[in-house]
Amino acid sequence: MKKSMLSPKQSYLVCAVGIVVLFGILMGVCETGAVSLYVKGVIMTCCIAVIMTTSLNLTIGVLGQLTLGCCGFEAIGAYSAALVSKLLVANGVVMNDTVRFLLVTVVGGLVACVFGVLIGIPALRLHGDYLAIITLGFGEIIRVIIQNLKVAGGEGLDKGQQGQALIGIDRLANLYVVFWITVVTVVLLFMFARSRYGRAVKAIRDDEIAASASGINVTYMKVLVFAISAFFAGIAGGIFAQYIGALTPSMAGWLQSINYVIMVVFGGMGSLTGSIVSAIGLTILPELLRAFSDYRMLVYSVVLVLIMIFRPQGIFGNWEFSLPKAINRIFYPKGKSGGTGQAGKGETADSKEAKHE
C-alpha cells in the first residue's frame with residue numbers, strides 16, 4: 001500500500017502538537033531559569049505585538065483598508081480592563097487572579113469592539129488616504145479624551161488639562177496565559193481569513209464593485225472586520241495594562257499605530273505568518289541594539305528601507321507557513337503521495353487552491 005498525505009484530522013493534530021511543543025519549550029526555558037526576568041518581559045511584549053499586528057493585518061491585508069487608529073482601540077481596551085479590575089477590587093469581589101485577568105481582558109476587548117463598530121460605520125464609507133486620515137483623527141480624539149477623563153487620571157473634559165497616569169493596576173498578566181491567548185487569537189484570525197466570510201472580504205479587497213454586484217453586503221463585511229480587529233486590539237490593550245501596571249494616554253498616539261502598520265507591511269500584507277515574524281523581529285531588534293543606543297534607531301530605519309527596496313511586498317508576501325504541508329513535502333515528496341485516485345484528486349484541488357490564493 002502506498003503512502004498517503006496527511007488527512008485533515010491528522011493535520012490539525014500535527015498543528016496542536018507543534019503548539020504544545022512550543023509551549024513546552026517556553027515553560028522549560030522559563031522554569032529552569034535559563035532566561036532572565038528581562039527576557040520574559042520581551043517575550044510578553046512580543047505576544048502583545050503579535051496580537052496587535054495579526055488583528056491589524058485583518059483590516060489592512062485581508063480587507064485592504066489602511067487604518068492608522070489601531071492604538072486608539074488598544075488604549076480603550078487597556079483603560080476599560082484597568083478600570084474594571086480596580087472596580088472589582090474596590091467592591092471587594094473575591095476572584096482568582098487568572099479568572100479576573102481573563103474577565104477584565106475580555107471586557108476590554110468587548111468595549112473596544114463596540115467603539116470599533118461605532119467608528120467603523122461612518123469611517124469605512126471612505127477609501128484609501130481618506131480612510132487613513134479619518135482613522136488617524138479618531139485615534140487622536142480617543143487619546144485626547146482619555147487624557148482628560150477623571151476616571152483615567154485626568155482633570156476633566158471641561159478643564160482641558162492633561163492629568164496624571166492611571167496607576168495602581170494589579171499586574172495579573174501571566175506569560176503562560178498570554179501565550180495561549182496569542183495562540184487562540186492567531187488561530188481564530190486564520191480560520192476567519194480562510195472561511196467563506198474571509199473569501200468575501202478578499203473579494204471586496206480585490207474589487208469592491210464586483211463584490212457588491214455579486215450580492216456581498218460590503219458595508220456589513222467591512223464593519224465586521226473592523227469590529228473583529230478592534231476586539232483583538234482591545235484584548236492586547238487589556239494584557240498590556242495588567243502587565244505594565246500603569247497607563248498613559250500616549251499609548252494611543254499615532255506614532256504607535258504607525259509602528260504596527262510597519263510590522264504588517266514588513267511581514268507581508270495578508271500573511272499572518274509574516275505578521276507574526278515581523279512583530280517578533282521588530283520587537284526584539286531594538287532590544288538587541290540597546291548596546292548601540294546612539295545608532296539603534298538608525299539601524300532599525302535602514303533595515304526597514306532595505307526591505308521596502310528589495311522586498312516591497314514584504315518578507316512573506318501573502319504566503320502562509322503550514323506545518324502539515326512541510327511534513328508532507330518531507331515525508332511524502334512529489335510522486336510518492338500515491339493513495340487512491342480520490343486522494344490524488346484532492347491533492348490537485350488543494351494545490352490549485354493554494355496557487356489561487
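**Salt bridges, a helix and a pocket**

Trainee: Which residue forms a salt bridge with Arg-143?

Mentor: A salt bridge is a side-chain nitrogen of Lys or Arg within 4 Å of a carboxyl oxygen of Asp or Glu. For Arg-143, the closest N and O atoms of the pair are 2.9 Å apart. Both residues lie in helix α5, 3 residues apart, about one turn of the helix. The partner is Glu-140.

Trainee: What should I know about the source before going on?

Mentor: This is a predicted model, where local features need pLDDT of at least 70, side-chain atom pairs count only at pLDDT 80 or more, and totals for chains, interfaces and linings use all residues. Residues are numbered from 1 along each chain as its sequence is written, and side-chain values use heavy atoms, with hydrogens and water left out.

Trainee: Is Arg-143 buried, partly exposed or exposed?

Mentor: Buried means under 20% relative accessible area, exposed over 50%, partly exposed in between (1.4 Å probe, protein chains only). Arg-143 has 22% relative accessibility. Glu-140 also has 22%. So Arg-143 counts as partly exposed.

Trainee: How many helices does the protein chain have?

Mentor: Helices (H or I, at least four residues) and strands (E, at least two) are DSSP runs, numbered from the N terminus. The chain has 0 strands. Its count of helices is 14.

Trainee: How far does helix α5 reach from its first C-alpha to its last?

Mentor: Helix α5 covers residues 128-148, which is 21 residues. The expected span is 1.5 Å times one less than the number of residues.

Trainee: Which helices are included in what covers the buried residues of α5?

Mentor: The buried residues of α5 include Leu-131, Ile-142 and Ile-146. Their cover includes three helices: α3 (70-90), α4 (97-123) and α9 (218-244).

Trainee: Which residue forms a salt bridge with Lys-222?

Mentor: In this pair, the closest N and O atoms are 3.1 Å apart. It links distant parts of the chain, 14 residues apart, from helix α9 to helix α8 (residues 208-213). The partner of Lys-222 is Glu-208.

Trainee: Why does Lys-222 count as buried?

Mentor: Contact means heavy atoms within 4.5 Å. Leaving aside neighbours within four places in sequence, Lys-222 is in contact with Leu-63, Gln-65, Leu-124, His-127, Ile-204 and Glu-208. Lys-222 counts as buried because its relative accessible area is 2%.

Trainee: Is Asp-206 buried or exposed?

Mentor: Asp-206 forms a salt bridge with Arg-205, with the closest N and O atoms 3.4 Å apart. Arg-205 is partly exposed, at 35%. Asp-206 has 59% relative accessibility, so it counts as exposed.

Trainee: How much space lies in the second largest pocket?

Mentor: On a 1 Å grid over the protein atoms alone, a pocket is an open set of points where a 1.4 Å probe fits, with protein on both sides within 12 Å along at least five of seven lines; lining residues have an atom within 4 Å of a point. Volume is the space filled by probe spheres set on the points, which are joined across faces, edges and corners. The second largest pocket has about 650 Å³.

Trainee: Which residues that line the second largest pocket are the closest to its centre?

Mentor: The lining has 23 residues. Among the elements that give two or more of them are α2 (37-62) and α10 (254-267). The closest to the centre are Thr-45, Gln-256, Asn-259, Tyr-260 and Met-263.
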